[in-house]
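My notes follow in the order in which I checked things.

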Amino acid sequence: KGLLLCGLRKSELKDARWADVNLDRGELRLHKTKNGDSRVVLLSDDMKAHLAGLPSRDKSPWLFPGRDGKKPLNNADKPFQRIIERAGLAGTDFTIHCLRHTFASWLAINGFSLLIIGQALGHRSQAMSARYAHLNDNVMRQAASSVGRVVNQAQQAATGDADATSGVEEPAAT
């Protein structure tokens, strides 16, 4: 759940320590990311609540400790595969990294720019963010329909033809 709520890389969340979390300010400091930078991740209220409820709080230096509590969880893929099996998705190509793509896609679907998505994911380029922010078919259909409405309105204005807008599907509310 934590990966889905914040869009972090698996390794970023796996290696996170309680000393780097400030729940009052809603921040998680990452000392070294995949691209070598450090950054501060701003946590949503849902993510703060998730972290506050973790059993490792006040018991381990790691948010997600291994069995002995002295090291971080070594392999998050095994517990994730158990979750996938319980969800009835066994045999699919759904990986733990898909949660990061899902986070980015939900931001895009809700109208956030590639700049915001990139900052949330810690990307250096908007091109990388665009690879993560997949839109579903309904959103793409709505976008295309909005262009059709503009074209038909322009045609109606130019010709005075009230039937110019017929056949244009109204998009579903998001």
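I began with lysine 78, which I found in helix α4 (residues 77–86), taking helices as DSSP runs of H or I with at least four residues, numbered from the N terminus. Because its relative accessibility is 56%, lysine 78 counts as exposed, where exposed means over 50% relative accessible area, buried under 20% and partly exposed in between, with a 1.4 Å probe and protein chains only.

I noted that the model is predicted, that local features need pLDDT of at least 70 and side-chain atom pairs pLDDT 80 or more, and that totals for chains, interfaces and linings use all residues. Residues are numbered from 1 along each chain as its sequence is written, and side-chain values use heavy atoms, without hydrogens and water.

Next I looked up the salt bridges (a side-chain nitrogen of Lys or Arg within 4 Å of a carboxyl oxygen of Asp or Glu), and the structure holds six. One of them joins aspartate 77 and lysine 10 at 3.0 Å, N to O; this pair links distant parts of the chain, with aspartate 77 in α4 and lysine 10 in helix α2 (residues 10–14), 67 residues apart. Aspartate 77 is partly exposed at 30% relative accessibility, and lysine 10 is partly exposed at 33%.

I then checked arginine 25, whose salt bridge with glutamate 27 has its closest N and O atoms 3.1 Å apart. Arginine 25 is exposed at 58%, whereas glutamate 27 is partly exposed at 22%.

Lastly, I recorded that Arg9, Glu12 and Arg39 are linked in a network of salt bridges.

How values were computed:
Helices (H or I, at least four residues) and strands (E, at least two) are DSSP runs, numbered from the N terminus.
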